[in-house]
Amino acid sequence: MHPLGPGQTVPVSRDQAHYLFGVMRLGLGDAVLLFDGVHGEWRAEVAEAGKRGGVLICQDQTKPQQNPPDLWLLFAPIKKARTDFIVEKATEMGAARICPVQTDFTNAERIRQDRLQAHAVEAAEQCGGTFVPPVAELEKLDRVLDGWPDDRHLMFCDEALVGAQEVLRAEAGSGKWAILIGPEGGFSPAERARLTAMPQAVAVSLGPRILRADTAAVAAMTIWQQALGDW
Ligand code: SAH
C-alpha cells in the first residue's frame, strides 16, 4: 500500500496495468481516483502506461477520509455466494471490521480470507467509499468470546427471540459494538446460554419472521446504524 499525498507517485502492478490501460483504455494524462483507506480519495494522473506496469501521480484530494463507526460484524460463513454477499453488504453498510466465526452449527470449515478481502475492496470502490474493513481469518466463536473486550457491546441476534419485543434501543449504549449473526442452523443451546450470560451482550430480535443469515446481517446493520451509528 502506498500512502497517498500531493505529488506522490504510485506504481501500477501488472494486474492493475491490464485493467487500467487494457480494459479501461486509459492513457498518459488520464485521471483515476485512488484511495488507500487512510488518506481519503485522490485524483491521480497516468504518468507511465505499459503492458506490465505503469506509474500514477497524485494530484489533489477529492474526498477526505471517512471511517465508519466502530462496529464489527461477526457472522457464521454460509454458502460461498451468500458469504460473499454478506462481506459486500457489510462493507457498503459501514462495518469497521468483518469477522467470520465458526459456531457449533456452522457448515463452512474454511473460508478464503484473501478472496473475501478482495470483495470488500471491490465493494468500497463501488460505493465510493474511502475505507475498507479488514476481513479476519475464520475463528471459533468460543475463542472469540474468550477474549471479548469488556468495553465492546455485542448485539446478539437471537432467532429464539423471533417476534419478541427485544429491539435495539439507543440507550443500549454508545461506543464500541459488534453484531453477531448465526448460521442457517441457528445457535446451539450452549452458545445461547453463554451469550446470554455475557454482560456485554444485548439479545435482539429482528422481527416476527426468521430471516436467512445474509438478510439478517443487512437488517441488523440497518437497525444498528439507525439507532447508534452514523446514519
Ligand atoms: N435455523 C434457525 C434460523 C437461523 S437464521 C431457526 O430456524 O431457528 C440465521 C441467523 O440469522 C440466526 O442465527 C440469527 O442470528 C439471525 N436471525 C434470523 N432471523 C432472526 C430474527 N427474527 N431475530 C433475531 N435474529 C434472527
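**Reading the ligand site and the helices**

Mentor: Of the 20 residues around the ligand, Cys157, Glu159, Glu184, Leu206 and Leu211 come nearest; a residue is near a molecule if one of its heavy atoms lies within 4 Å of it. This is a predicted model, where local features need pLDDT of at least 70 and side-chain atom pairs count only at pLDDT 80 or more, while totals for chains, interfaces and linings use all residues. Residues are numbered from 1 along each chain as its sequence is written, and side-chain values use heavy atoms, with hydrogens and water left out.

Trainee: How do the residues of the shell divide into nonpolar, polar and charged?

Mentor: Here Ala, Val, Leu, Ile, Met, Phe, Trp, Tyr, Cys and Pro count as nonpolar, Asp, Glu, Lys and Arg as charged, and the others, Gly among them, as polar. Around this ligand, that gives eleven nonpolar, five polar and four charged residues.

Trainee: And which backbone atoms lie by the ligand's oxygen atoms?

Mentor: Look for polar contacts, pairs of N or O atoms within 3.5 Å. A backbone N or O atom of Cys157 sits 2.6 Å from a ligand oxygen, and one of Gly182 lies 3.0 Å from a ligand oxygen. A polar backbone atom of Gly207 is 3.3 Å from a nitrogen of the ligand. Taken alone, the ligand exposes 560 Å², of which the protein buries 84%; those areas come from the Shrake-Rupley method with a 1.4 Å probe.

Trainee: Next, helix 3: which of its residues are buried?

Mentor: Buried means under 20% relative accessible area, exposed over 50%, and partly exposed in between (1.4 Å probe, protein chains only). Helices are DSSP runs (H or I, at least four residues), strands are E runs of at least two, and both are numbered from the N terminus. In helix 3 the buried ones are Gln113, Leu116, Gln117, Ala120, Ala123 and Ala124. They share one side of helix 3, because they cover an arc of only 115 degrees around the axis, taken from the directions from the helix axis to the C-beta atoms.

Methods: A polar contact is a pair of N or O atoms within 3.5 Å; within protein, one must be able to donate a hydrogen and the other to accept it, and residues adjacent in sequence count only if both atoms are side-chain atoms.
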